Amino acid sequence: MIQERERKQAKQKIAIVEEKLQKKDHQVAEILNQLDELKKEKQDELLNMRIEYDAKLLSLRKQNQKTAQQKGQANAANHEIFRKKWQHMKAESEREISALKRTITDLQKKIDMQGMSTKRRKF
């Protein structure tokens, strides 16, 4: 009888331990599931962050290109302004040069005329 009691108690203890073991196994399985879910969430977060990063990088590159184009256009506009100013100054200097050449020619003619008139008087 004592042995049967001890056997029953041992079986009960084994049953209790097996039940606790099953609960622990269940808890471990739940924790592993939670861990898998967390891993998936973190991967999704990383993917979203990567997408945002790429989008921002693309936006910055586009802005950089626009800025470079605007600078190029500004430089081209400045170049055009200075080219027009240079052309205007060149045309003005050419007008002055031709006016001075006409003046020189007129003065030479006057000198020649005066020279002829003085030659006539001497004769």
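I noted the rule for patches: residues with over 30% relative accessible area and no salt bridge, like charges being joined within 9 Å and nonpolar side chains (Val, Leu, Ile, Met, Phe, Trp, Tyr) within 5 Å. Lys and Arg count as positive, Asp and Glu as negative, and His and the chain ends are not counted. A charge is placed at NZ of Lys, CZ of Arg, CG of Asp or CD of Glu.

I recorded that this is a predicted model, in which local features need pLDDT of at least 70 and side-chain atom pairs count only at pLDDT 80 or more, while totals for chains, interfaces and linings use all residues. Residues are numbered from 1 along each chain as its sequence is written, and side-chain values use heavy atoms, with hydrogens and water left out.

**Entry: the whole chain**

I looked up the secondary structure and found 1 helix and 0 strands. Helices (H or I, at least four residues) and strands (E, at least two) are DSSP runs, numbered from the N terminus. The C-alpha trace spans about 180 × 15 × 5 Å along its principal axes. The radius of gyration of the chain is 52 Å, whereas a compact globule of 123 residues would have one near 14 Å. That radius is taken over C-alpha atoms, and the globule rule is 2.2 Å times the number of residues to the power 0.38.

I also checked a pair of residues: Ile16 and Asn75 are 59 residues apart in sequence, and their C-alpha atoms are 87 Å apart in space. Ile16 lies in helix H1 and is partly exposed, with a relative accessible area of 46%.

**Entry: cover and charge**

What share of the 123 residues is buried? I read 0%. Buried means under 20% relative accessible area, exposed over 50%, and partly exposed in between (1.4 Å probe, protein chains only). The chain exposes about 12600 Å², and carbon and sulfur atoms supply 57% of that area. Accessible areas come from the Shrake-Rupley method with a 1.4 Å probe; for residues, only the protein chains shown count as cover.

I noted 30 positive and 19 negative side chains, the centres of the two sets lying 17 Å apart.

**Entry: salt bridges**

I counted 4 salt bridges, a salt bridge being a side-chain nitrogen of Lys or Arg within 4 Å of a carboxyl oxygen of Asp or Glu. Among them is Lys23 with Glu19, at 3.8 Å from N to O. Lys23 and Glu19 are 4 residues apart in helix H1, so about one helical turn separates them.

Arg50 forms a salt bridge with Asp54, with the closest N and O atoms 3.6 Å apart. Arg50 is partly exposed at 48% relative accessible area, and Asp54 is partly exposed at 35%.

Arg83 and Glu80 meet in a salt bridge at 2.4 Å, N to O. Both lie in helix H1, 3 residues apart, about one turn of the helix.

**Entry: a nonpolar patch**

Last, I looked up Val28, Leu32 and Leu35, which form a nonpolar patch on the surface with about 250 Å² of accessible area together. Leu32 lies in helix H1, residues 2-122, and counts as partly exposed because its relative accessibility is 47%.
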